[in-house]
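Work through the following exercises with the sequence and the structure in view, and try each task before you read its solution.

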Amino acid sequence: MATSFLWNCTKKFVSASIITVTVSDRYVTVIPVRGGSMSPTFNPKSGSLMEYVFDDYVLVEKFCLGKYKFSHGDVVVFRSPLNHKETHIKRIASLPGEWFSTYHNSDVVQIPLGHCWVEGDNAASSIDSKSFGPIPLGLIRGRVTHVVWPPQRIGAVKSIHRKDWLSFRIPTIVWPP
Amino acid sequence: MRFVGYIAQWRSAAKEALERTAIAVKFLCCLHLTSNYLCSPCHAYGVSMLPTLNVAGDVLLADHLSPRIGNVGHGDLVLVQSPLNPRIRLTKRVVAMEGDTVTYFDPKHSEAAQVAVVPKGHVWIQGDNVYASRDSRHFGPVPYGLIQGKVFFRVWPPDSFGLLGQ
């Protein structure tokens, strides 16, 4: 009877795992945040020795991948354009068709159709669109909505449009009307 | 007394309904796993891949495991999300991988050949019909992460049923 017990356990384990994988691919998942490029929003004390024990865990929702409608300041998870095996978490600064600039440099970049500009909150140590340019929206794998670990920082992640981002849409004027 | 009988009936009916739902949910999850990680059918239409694929539309089988393990190379037909609109999937051929230098010509813009270097983590995709295809010659190299599957088999139309090669 031990074999039938083991068989039952295996069956339950396999069904639980396939349901978990499906839900995590299509609806919501929980992932750890590595690195300090989004301090102080995530991992505010990164750089210390206890990094791996005290990583933040965040809730990522995948419903946004139906329509790809994002807003400024959304924190998203995306596959790196330089290495398809890595995923990064950054904030969307600018949407397709807009012109983007920051106070710090005088370049103005036009974001092409279907792309977006992502930046980390910790501008000093963040590899983001400043290095690899605007990324296609198709690389985005989900939107971060809540922090679920550590318990003292459980809460929603707000979409903040940073004050030093200048992102504007130039209206097309049709002349003669 | 009849009330207790009803409760017992209801309980067994509910248990059976729950079991049936569990089987349906497990089946749908297996379907999701197969079509996302193993193999899925897709419908491709348009002129950009003539003569390999027909204008009216072909049903193809795409394997989703190969891009994940890095098994995409020169000459492969791939399903890739369009960098201009993430809701559209294109079927194109990989002409060059990262680090390669591509010599291409765009018949609509100029007669001269142009050269580009494919950066790290990107691929250069082109449609087989160079005269009517919007591909990397127009929107540049695309990141490897946008590749969703490798097309290896054609199911419909039945007279061209078979493996799709290089």
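Predicted model: local features only at pLDDT ≥ 70, side-chain atom pairs only at ≥ 80, totals over all residues.

Residues are numbered from 1 along each chain as its sequence is written, chains are lettered from A and ligands numbered from 1 in the order in which they are written, and side-chain values use heavy atoms, with hydrogens and water left out.

**Exercise 1. Describe the largest pocket: what is its volume, and which residues lie nearest its centre?**

Solution. Begin with the term: on a 1 Å grid over the protein atoms alone, a pocket is an open set of points where a 1.4 Å probe fits, with protein on both sides within 12 Å along at least five of seven lines, and lining residues have an atom within 4 Å of a point. Grid points are joined across faces, edges and corners, and a volume is the space filled by probe spheres set on the points.

- Step 1: the space in the largest pocket comes to about 1,600 Å³.
- Step 2: its lining has 50 residues, and A:Lys62, A:Leu65, A:Arg79, A:Arg141 and B:Arg68 lie nearest the centre.
- Step 3: both chains contribute elements that each supply at least two lining residues, among them β3 (75-79) of chain A and β9 (147-156) of chain B. Helices (H or I, at least four residues) and strands (E, at least two) are DSSP runs, numbered from the N terminus.
- Step 4: sorted by type, the lining has 18 nonpolar, 19 polar and 13 charged residues, where Ala, Val, Leu, Ile, Met, Phe, Trp, Tyr, Cys and Pro count as nonpolar, Asp, Glu, Lys and Arg as charged, and the others, Gly among them, as polar.

**Exercise 2. Find which element gives the largest share of the lining of the second largest pocket.**

Solution. 

- Step 1: this pocket has a volume of about 450 Å³.
- Step 2: it is lined by 20 residues, and those nearest its centre are B:Tyr45, B:Ile88, B:Arg89, B:Leu90 and B:Thr91.
- Step 3: two or more lining residues come from each of β1 and β4 (89-96) of chain B, and β4(B) gives the largest share, with four residues.
- Step 4: the lining of the second largest pocket divides into eleven nonpolar, six polar and three charged residues.

**Exercise 3. Examine the backbone at A:Pro40, B:Pro157 and A:Tyr68.**

Solution. 

- Step 1: the peptide bond from A:Ser39 to A:Pro40 is cis, with omega near -10°, and A:Pro40 lies in the loop between β1 and β2 (56-61) of chain A.
- Step 2: the bond from B:Trp156 to B:Pro157 is cis as well, with omega near 5°, and B:Pro157 lies in the loop between β9 and β10 (162-163) of chain B.
- Step 3: A:Tyr68 is not a glycine, yet its phi is positive, near 55°; A:Tyr68 is found in the loop between β2 and β3 of chain A and is buried, at 12% relative accessible area.

**Exercise 4. Explain which parts of chain A are tied together by the salt bridge between A:Glu119 and A:Arg162.**

Solution. Side chains of opposite charge can pair when their charged atoms come close. A salt bridge is a side-chain nitrogen of Lys or Arg within 4 Å of a carboxyl oxygen of Asp or Glu.

- Step 1: the whole structure holds 16 salt bridges over all chains.
- Step 2: in the bridge between A:Glu119 and A:Arg162, the closest N and O atoms are 3.6 Å apart.
- Step 3: A:Glu119 lies in strand β7 (residues 115-119) and A:Arg162 in the loop between β10 (155-156) and β11 (165-168) of chain A, so the pair ties together parts that are 43 residues apart in sequence.
- Step 4: A:Glu119 and A:Arg162 are both buried.

Key:
Buried < 20%, exposed > 50% of the residue type's maximum accessible area, 1.4 Å probe, protein only.
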